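This report is meant to be read alongside the sequence and the coordinates. Please keep both in view while going through the sections.

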Amino acid sequence: MKIYAIVLAAGKGTRMNSNKPKVVHEVLYKPMINHVVDELKAMGVDETIVVVGHEAQQVIDIVDDVTFVHQKEQLGTGHAVLQAYDLLKDKEGITIVLNGDAPLVRKETLQGLIDYHKENGNQGTVMSCDCDLSLPFGRIIKEGSQVTGIVEFKDLLESQNHITEMNVGEYCFDNKALFEAINKVTTNNAQNEYYITDVIGIMNNDGLKVDAYKIEDFNEVGGINDRVQLAEATESLKLRINKNHLLNGINIIDINNTYIGREVVIGEETTIEPGCIIKGKTVIGNHCHIGPYCEFDNVTIKDNVEIKFSVISDSIIESGTDIGPYARLRTQCHIHENVHMGNFVEMKKADFGKGSKAAHLTYIGDAIVGENVNIGCGTISVNYDGKNKSLTKIEDNAFIGCNSNLVAPVTVKKNAFIAAGSTITKDVEEDAMGIARAKQVNKDGYSKVLKERREKKFEEKKKG
Ligand code: UD1
Ligand code: CA
C-alpha cells in the first residue's frame, strides 16, 4: 500500500518574532522542516508533499526530494491540506498529515501510527497524548474508542474543559476518505479558519471508523510556537540523543554540555568530552577521544583518532591521527593515518599524507603533502596571489624548516630539505636542499660599538 505524507509548513509563526518562517528555525543546528522530512525519508514514504506559504522560497531552498504545494493565504490547517487535493485526491493508499512545527517526532512513532491505523481498519486516526489542562491544544472527544470529533481550545465548551486527551497534530487517513471529507470543512468556528481537525468529526458523521493512537512522550510532539519552546526542543532532543549514545556504549562525560546532531554516527568505546558540537553527516569511528571543545560539521573520522579544541568541517580524518589543541580544518581536507597535527594549525583543501607532521602554527591550503613529511613551525603555503589559488606539492619524506613560505605553484620533491626561514618560489628537486634567505654576516665586537653609540645619544639628549 502506498504511503503519502503532507507536511504543513505554510504558517508564519507569529510568536517566533522573526522574519523567517517558523519551520526554518533550527533545533539542534537543523531546521525544523528538515527534521520532519528526514524522518519521512528514513521511513520510506512514497511521496512527501510540503505545504509552503509564508516566505515559501526560504523553505524550498533548504528541502530536497519533496513536492511543494503553495498555500497563498493561510486560512487554516484544513485549507493547507486542501492544497494537495489535485495531487492526491484519486490515489489509493494512506496519507499521514503532520504539523511542520513538531520536529522531534520519531519515525518509529509515525510508523506506530500507521500500523495502528491499519491493524484497526480505521479510515482516520489521530495521534493523541494526555496533556496538562492548561495547554491550548485541541481536545479529543470520544464515544468508546470511536473519536467523534476534535474541539479546538478556543472553541471548548465548559463541559469539555476537563478532557486531558489532546490532539498533537499528527494524523493518518485513508487517502480518498481524507479528500472527500476535506471538501466539507467550513470556517464555522472561533478563529474563522478551516481546521484539519474538523475532518475527524466529518468522517465520524459519515459513519467511518475514527480512532486515536495515544502516545506517552509529549516531548516528541509538543510543537514549537515561540523561541522558548524552540530552545526547550533543542534541550530535549540533545538529551534524547546523548542518552541513546550512552546506551550504545559511547562515553559522554557531560550530557548537558554536548550537542550531537540526529544523523551523527559514533562508534564503540569512543569518548566525547564536554563542550563539543557535532553536527551534519558526521561519522566518528571506534575508540576515538573527542574534545573537550570541538566543533565538527560533516566530518568522517576513522578509528583511534584523538582531537581536542578544534574546528573541523567537510573533511576526512583517517585512523591513528591526533589533532589539536586549536586546529582548524575546512573544505575537503583528507588527513591520512597516523598524522600528528598540533597547536594552531589551519588546513584547507589539503591532502596530508600518512605519518606526516605539522605540529605548530602552520597554514596549509590547496596542497598535496606526501608521507612522513615534517612541516616546521610557522610554515605557510602561499596559495593566493589576490586572484588565483595555486597548488603546493610536498613529496614523501621532505623536511620543511621552520618559518618557510612555499609560494605556489611549487613542488618540493622527495627527501628534499628546506632551510628554515626560506621563501621558496622555485621547485626543489629530489634529495636537494632549498635555501632562500639573506646570508648571515657576523661582525666581531660590533655589539659593543652599538652599545656605546646608544649611550652617547642618551647623554646628548639629557643635556638638551
Ligand atoms: C494545531 C491543531 C490543534 C493541535 C495542535 C498541536 C488545528 C486547527 N489545530 O493547532 O488541535 O492540538 O496543532 O500542536 O489544526 N499551517 C499551515 N497553514 C495554515 C495554518 C497552519 O500550513 O493556514 C501549519 C503551520 O505552519 C504549522 C502547522 O500548520 O506548522 C500547525 O499550525 P498551528 O497554527 O501552529 O496550529 P495550532 O494552533 O498549534
Ligand atoms: Ca502549533
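## Basis of the description

This is a predicted model, in which local features need pLDDT of at least 70 and side-chain atom pairs count only at pLDDT 80 or more, while totals for chains, interfaces and linings use all residues. Residues are numbered from 1 along each chain as its sequence is written, chains are lettered from A and ligands numbered from 1 in the order in which they are written, and side-chain values use heavy atoms, with hydrogens and water left out.

## The largest pocket

The largest pocket holds about 1200 Å³ of space (a pocket is an open set of points on a 1 Å grid over the protein atoms alone where a 1.4 Å probe fits, with protein on both sides within 12 Å along at least five of seven lines; a volume is the space filled by probe spheres set on the points). Its lining, that is, residues with an atom within 4 Å of a point, comprises 38 residues, of which R15, K22, T77, D101 and N225 are the closest to the centre.

Strand 1 (3–9), helix 3 (77–82) and strand 10 (165–174) each give at least two residues to this lining, and strand 10 supplies the largest share, with four residues (helices are DSSP runs of H or I with at least four residues, strands runs of E with at least two). By class, the lining has 14 nonpolar, 17 polar and seven charged residues, where Asp, Glu, Lys and Arg count as charged, Ala, Val, Leu, Ile, Met, Phe, Trp, Tyr, Cys and Pro as nonpolar, and the others, Gly among them, as polar.

## The second largest pocket

The second largest pocket has a volume of about 740 Å³, and of its 31 lining residues K30, G261, R262, E263 and V264 lie nearest the centre. Elements that give two or more residues to this lining include helix 1 (32–43), helix 5 (107–119) and helix 8 (227–247). The lining divides into 11 nonpolar, eight polar and 12 charged residues.

An open sheet is formed by 11 strands in the order 12-15-18-20-22-25-27-29-32-35-37, with parallel pairing (two strands pair if DSSP finds at least two bridges between them). Strand 12 (251–252) and strand 37 (433–434) stand at the edges with a single partner strand each, so one side of each is left without a neighbour in the sheet.

Within the sheet, strand 27 (residues 357–358) and strand 29 (residues 374–375) run parallel and are joined by two bridges, and K357 stands opposite N374 in strand 29.

## A residue of helix 8

N244 lies in helix 8 and is partly exposed, with a relative accessible area of 45% (buried means under 20%, exposed over 50%, and partly exposed in between, with a 1.4 Å probe and protein chains only). The C-alpha atoms of N244 and E269, which are 25 residues apart along the chain, are separated by 14 Å.
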